[in-house]
Amino acid sequence: PRADAIRSAMQLAERTAARLDASGARVVVLARVGQNLGEYGLRYSHLGLAYRDAQGRWRVVHKLNDCGSALSAVYRKGLGDFFLDDLYDYEAGFVVLAPATQDRLLTLVRDNVRLTQLHTPAYSMVAYAWATRYQQSNQWALETFAMAEDRGASTREGAQRWLKAHDYAPSELHIGPLKRIGGHMTAANIAFDDHPAEKRFAGRIETVTVDSVFAWLNRSGLGGTVQTVR
């Protein structure tokens, strides 16, 4: 790791912690700019659920792909670790959730068993939003959020039904055939075979993105507007 990257990550973590403290929130949806997704019209690449622990410190739970593989795991980290990932840009975005939503989610994120209940280790960066063969990082966080809102949504299928019923809409990425074939053949963590054939062959890839989650939280009244930290 480069010294300047470590310094920038720690400065971003410090400033983010100060902003989260000032917000008065106990749980937020927190995102980082790990990759440049500008060609798809997206700003943030990865989100986690950030919360205050019993000592008042901020922690983040999020799902990460094991490098070079098609597997993943759920981690609990500090803010410094969350931003110490060779970011494309040192900017954070967060949404403060509605008070009742914070109450429900705070109980869940502190419980290791419930936190991993909907986790699927099989990983694809472009997992179809309405399937369960694979699961990407933002999808795990969103489905876990849905389970916190509705305890009856105790499976991934149940969480996805709840999200559809509450008007969540994934992003539609337009990915041509050459890029799809190249990605599938050269990267273990990219697969398209869970997408409906008619959409896949038309290059319409529907997946969970940070931007779509942020827009939905604000539209549904479950959260406020996006706040940024640089």
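1. What covers the buried residues of helix 6? The cover includes helix 5 (137-149) and helix 9 (210-220). The buried residues of helix 6 (residues 156-165) are Arg 156, Gly 158, Ala 159, Gln 160, Trp 162 and Leu 163. Buried here means under 20% relative accessible area, with a 1.4 Å probe and protein chains only. Just after helix 6, Asp 167 takes a positive phi of about 70°.

2. On the basis of the values: this is a predicted model, in which local features need pLDDT of at least 70 and side-chain atom pairs count only at pLDDT 80 or more, while totals for chains, interfaces and linings use all residues. Residues are numbered from 1 along each chain as its sequence is written, and side-chain values use heavy atoms, with hydrogens and water left out. Helices (H or I, at least four residues) and strands (E, at least two) are DSSP runs, numbered from the N terminus.

3. The sheet is open and has six strands, in the order 4-3-2-1-5-8, with antiparallel pairing. Two strands pair if DSSP finds at least two bridges between them. Strand 4 (72-78) and strand 8 (227-229) are at the edges with a single partner strand each, so one side of each has no neighbour in the sheet. From one strand to the next the twist averages 30°; axes are lines fitted to C-alpha atoms, for helices over the stretch in contact, and angles run from 0 to 180 degrees between N-to-C directions.

4. Strand 1 (residues 27-33) and strand 2 (residues 46-52) run antiparallel and are joined by six bridges. Leu 30 has Gly 48 of strand 2 as its bridge partner. Helix 1 (residues 3-23) packs on the sheet and touches strands including strand 1, strand 2 and strand 5 (89-96). The direction of helix 1 makes about 20° with that of strand 5.

5. Ser 212 lies in helix 9 and is buried, at a relative accessible area of 7%. The side chains of Ser 212 and Tyr 168 are joined by a polar contact of 2.7 Å (a pair of N or O atoms within 3.5 Å; within protein, one must be able to donate a hydrogen and the other to accept it, and residues adjacent in sequence count only if both atoms are side-chain atoms). Neighbours within four places in sequence aside, Ser 212 is in contact (heavy atoms within 4.5 Å) with Tyr 168, Ala 169, Pro 170 and Ser 171.

How values were computed
Buried means under 20% relative accessible area, exposed over 50%, partly exposed in between (1.4 Å probe, protein chains only).
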